[in-house]
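Here are some notes to read beside the structure, for anyone opening it for the first time. Please keep the view at hand and follow the points in order.

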Amino acid sequence: MDRRPVTLEEVARVAGVSRATVSRVVNGVATVDRELRQVVERAISTTGYAPNRAARSLVTRRAGAVGLVLPDEGRTLHDPYFGRVVSGVMPVIRPLGVQLVLTTTDPGGHQEVVDDVRQRRLDGVILIHTHGADPLPRLLTEANLPVVLAARPLRPMAITYVDVDQAAGAALAVDHLVDRGCRRPATITGPLDAPAGQDRLRGFREAVARHGLPEPLVVEGDFSREGGAAAARRLAGEVFDGLFVASDLMATGALPVLRNRGLRVPEDVKVVGFDDSSPAVECDPPLTTVRQPVEDMAAEMARLLVERVERPDRPNASVVFAPTLVVRRSS
């Protein structure tokens, strides 16, 4: 026999709130207190309540779906960062009956994303890893459409974003390498047309200077395993005793190159990554890394987007999370 649908009243009883409060949460009303919203979301998850999306769409004139715009498909499939983003977004939007639509954009696909929001096929979008030449943030903000960016914008722009303190994270890496006795650090950066690549390099350089160390070796990478290996090969013949790699995935490419050169990690070169994603634990040796709380950051992006969908006139906000250092055997 089919189980009867869970009602708003049952959710309210489990949450210990009124039916009206549950209704406001389900409909994405931004004025609900955040802690109260989270209580209701947990009750929705516990009871298995499923909002009627079709009926709600008629009332709210919304699509009941938000987009997560990712980089090219090849990178998305191989970088665990993006799975962590989805894991953070879903617990926020699922209790609201909102679907997540994953999409990647090619150079001609930017206007399609804008049109999807403008024509209410999507209520808003979260943009992941844009670069300096990407027109999509500007197109969405100029159209006054709900958007949250997963990093500070490369250029000044009126947009809501969530980020980790990238420069502070790089400084944590340098401080740790110096504490471990390193005096000639090098770095494999991220792409320098992206905010994360720029900010991590800036934090690295500033920390090296603060410790009074010589001008460091700098080689640009691209946040991929192959890019990390290629950058490590470009360091061949250089002398360094510490290496800050600006992503764990690049570090997994760099470590075998160092080993093939006869360099032992951590005895000859101490290595620190950035992200604290699954490759950090799986590589040999396990990687010391700067942790960014991706799931918490993604949840905050989702909450901010829901609030902007409900209140388009809401002022833009920036939320910056603090990084931490996770020490393992590579240093």
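1. Buried here stands for under 20% relative accessible area, exposed for over 50% and partly exposed for in between, with a 1.4 Å probe and protein chains only. For F244 the relative accessibility is 0%, so this residue counts as buried.

2. Before going further, please note that this is a predicted model, in which local features need pLDDT of at least 70 and side-chain atom pairs count only at pLDDT 80 or more, while totals for chains, interfaces and linings use all residues. Residues are numbered from 1 along each chain as its sequence is written, and side-chain values use heavy atoms, leaving out hydrogens and water.

3. How many aromatic pairs does the structure hold? There are 3 aromatic pairs; rings of Phe, Tyr and Trp (its six-membered ring) pair if their centres lie within 6.5 Å, and planes under 30 degrees apart count as stacked, over 60 as edge-to-face and the rest as tilted. One of the pairs is F204 with F244, which is stacked, at 6.1 Å centre to centre and 20 degrees between the planes. This pair links distant parts of the chain, with F204 in helix α10 (residues 195–210) and F244 in strand β8 (residues 242–245), 40 residues apart. Helices (H or I, at least four residues) and strands (E, at least two) are DSSP runs, numbered from the N terminus.

4. F204 is buried as well, with a relative accessible area of 0%. F244 also pairs with F274, and that pair is tilted: 6.4 Å centre to centre, 55 degrees between the planes. Here, too, distant parts of the chain are linked, since F244 sits in strand β8 and F274 in strand β9 (residues 270–275), 30 residues apart. Together, F204, F244 and F274 form one aromatic cluster.

5. Next, look at two helices. Helix α6 (residues 80–93) packs against helix α14 (residues 294–310) at an angle of about 45 degrees, their axes 7 Å apart. The axes are lines fitted to C-alpha atoms, for helices over the stretch in contact, and angles run from 0 to 180 degrees between N-to-C directions. The angle makes α6 oblique to α14; under 35 degrees counts as roughly parallel, over 145 as roughly antiparallel, 65 to 115 as roughly perpendicular and the rest as oblique.

6. Which residues make the contact? From α6 they include Y81, R84, V85 and V92, and from α14 they include E295, A298 and R303; contact means heavy atoms within 4.5 Å.

7. Helix α11 (residues 225–234) has G227, G228, A229, A231 and A232 as its buried residues. Their cover includes β6 (185–189), β7 (217–220) and α12 (248–260).

8. Some backbone details deserve a look. V265 and P266 are joined by a cis peptide bond with omega about 15 degrees, and P266 lies in the loop between α12 and β9. Another cis peptide bond joins D284 and P285, with omega about -5 degrees; P285 lies in the loop between α13 (278–282) and β10 (288–291).

9. Finally, F223 is not a glycine, yet its phi is positive, about 70 degrees. F223 is in the loop between β7 and α11 and is buried, at 5% relative accessible area. D276, not a glycine either, has a positive phi of about 65 degrees.
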